[in-house]
Amino acid sequence: MNDIALDTPASRAALGRRAVQASARLWFLIAALGHGIFLIYILAVFFPPVASHGLAGLDGLHLPSGFREGDALGNLAAVSHVLLAALVIGGGPLQLIPGVRQRFPIFHRWLGRAYLFAAMLSALGGLYMTWTRSPIGDLLSKAGISIDAILILVFGAMALRSALARRFDLHRRWAMRLFLAASAVWFFRVGLMAWVTLTGGIGIDFETFTGPFLYVLGFAQYLLPLAMLEWYFRAHRSSDQGMQLAFSITLLLLTGVMSIGIGTATMGMWLPRM
Ligand code: HEM
């Protein structure tokens, strides 16, 4: 009798929603851990040389353009870009933790302002470097990352506008979109390393850092996370258990790939440079 009473459309929808929430929480936990490792890399590699030698500290770092004599604006864009990256990569996950938002609202507001400023300025600096000095990639890969910069600017403006209008439900959605667009460079590194681990690097010319896989990844680094986020919003409020399960399984699979990427990026890319 009890079993029959429990097997109602409402109880099935609740089960589906729990699966959506559990998979999203696991994804966030692992993504936050991966952001933490990238943050440690940024703090360890870029901050000490810039603190002791200023702009010239960029020389010899793992930057394709690094320090260029006479290019004051380009050097300033590069140094602010890698220093602000710490705020973007460290601040993003912190802003999305409900407990932090609820218990420390003033901290959330100030970190939010700093995060927004850092993400938007990093995007502008990144655009400037991409089109004036970066030797990496070709036109298609530059177009891919430039669209990400535009998305960061648009999502940042929308997150700010909805917060000022005190429309917090809307604000939460724009802030989540901003987080994924601003972390696209992290998804790129993790996606690249997962692909190299799983396939040996099919579709990548490592000499020129071009190739079909890199073109796809150049757009997928933000389009895939953003598409999953829109699906999450739908799955969360839907009563269609099939769709909720399909979402949860897809997210779990992607979380598995992301974990492989975090592991190999840490061991092969970040730790050796620290
Ligand atoms: C807002 C989020 C972003 C973060 C957190 C970020 C982070 C970083 C980091 C840490 C580096 C140093 C390379 C490394 O050690 O891995 C870097 C380099 C670079 N980034 Fe970004 N980035 C962001 C957005 C962008 C965007 C949107 C663009 C282009 C439109 C861009 C273009 C570049 C370029 C060209 C370099 C190489 C700089 C040089 O060699 O002088 N970045 N970024």
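Is Asp 71 buried, partly exposed or exposed, and what relative accessibility places it there? Asp 71 counts as partly exposed because its relative accessibility is 21%; buried means under 20% relative accessible area, exposed over 50%, and partly exposed in between (1.4 Å probe, protein chains only).

## Basis of the model

This is a predicted model, in which local features need pLDDT of at least 70 and side-chain atom pairs count only at pLDDT 80 or more, while totals for chains, interfaces and linings use all residues. Residues are numbered from 1 along each chain as its sequence is written, and side-chain values use heavy atoms, with hydrogens and water left out.

## Salt bridges

The whole structure contains three salt bridges, a salt bridge being a side-chain nitrogen of Lys or Arg within 4 Å of a carboxyl oxygen of Asp or Glu. One of them joins the side chains of Asp 71 and Arg 133, at 3.3 Å from N to O. Asp 71 lies in the loop between H2 and H3 and Arg 133 in the loop between H5 and H6, so this pair ties together parts that are 62 residues apart in sequence. Helices (H or I, at least four residues) and strands (E, at least two) are DSSP runs, numbered from the N terminus. Arg 133 counts as buried, at 5% relative accessibility.

Helix H7 (residues 168-182) holds both Asp 169 and Arg 172, three residues apart, about one turn of the helix. Their closest N and O atoms are 4.0 Å apart in a salt bridge. Arg 177 forms a salt bridge with Glu 230, with 2.8 Å between the closest N and O atoms. Because Arg 177 lies in helix H7 and Glu 230 in helix H9 (residues 212-237), the pair ties together parts that are 53 residues apart in sequence. Arg 177 is buried, at 13% relative accessibility, whereas Glu 230 is partly exposed, at 32%.

## Surroundings of the ligand

Arg 133 also has a polar side-chain atom 3.4 Å from an oxygen atom of the ligand. The corresponding distance to a ligand oxygen atom is 2.5 Å for a polar side-chain atom of Tyr 41 and 2.8 Å for one of Arg 189. The elements that give two or more residues to the shell around the ligand are helices H2 (9-53), H3 (72-96), H5 (105-132), H6 (139-164) and H8 (184-199).

By class, this shell has 16 nonpolar, seven polar and two charged residues. Ala, Val, Leu, Ile, Met, Phe, Trp, Tyr, Cys and Pro count as nonpolar, Asp, Glu, Lys and Arg as charged, and the others, Gly among them, as polar.

Note on methods. A polar contact is a pair of N or O atoms within 3.5 Å; within protein, one must be able to donate a hydrogen and the other to accept it, and residues adjacent in sequence count only if both atoms are side-chain atoms.
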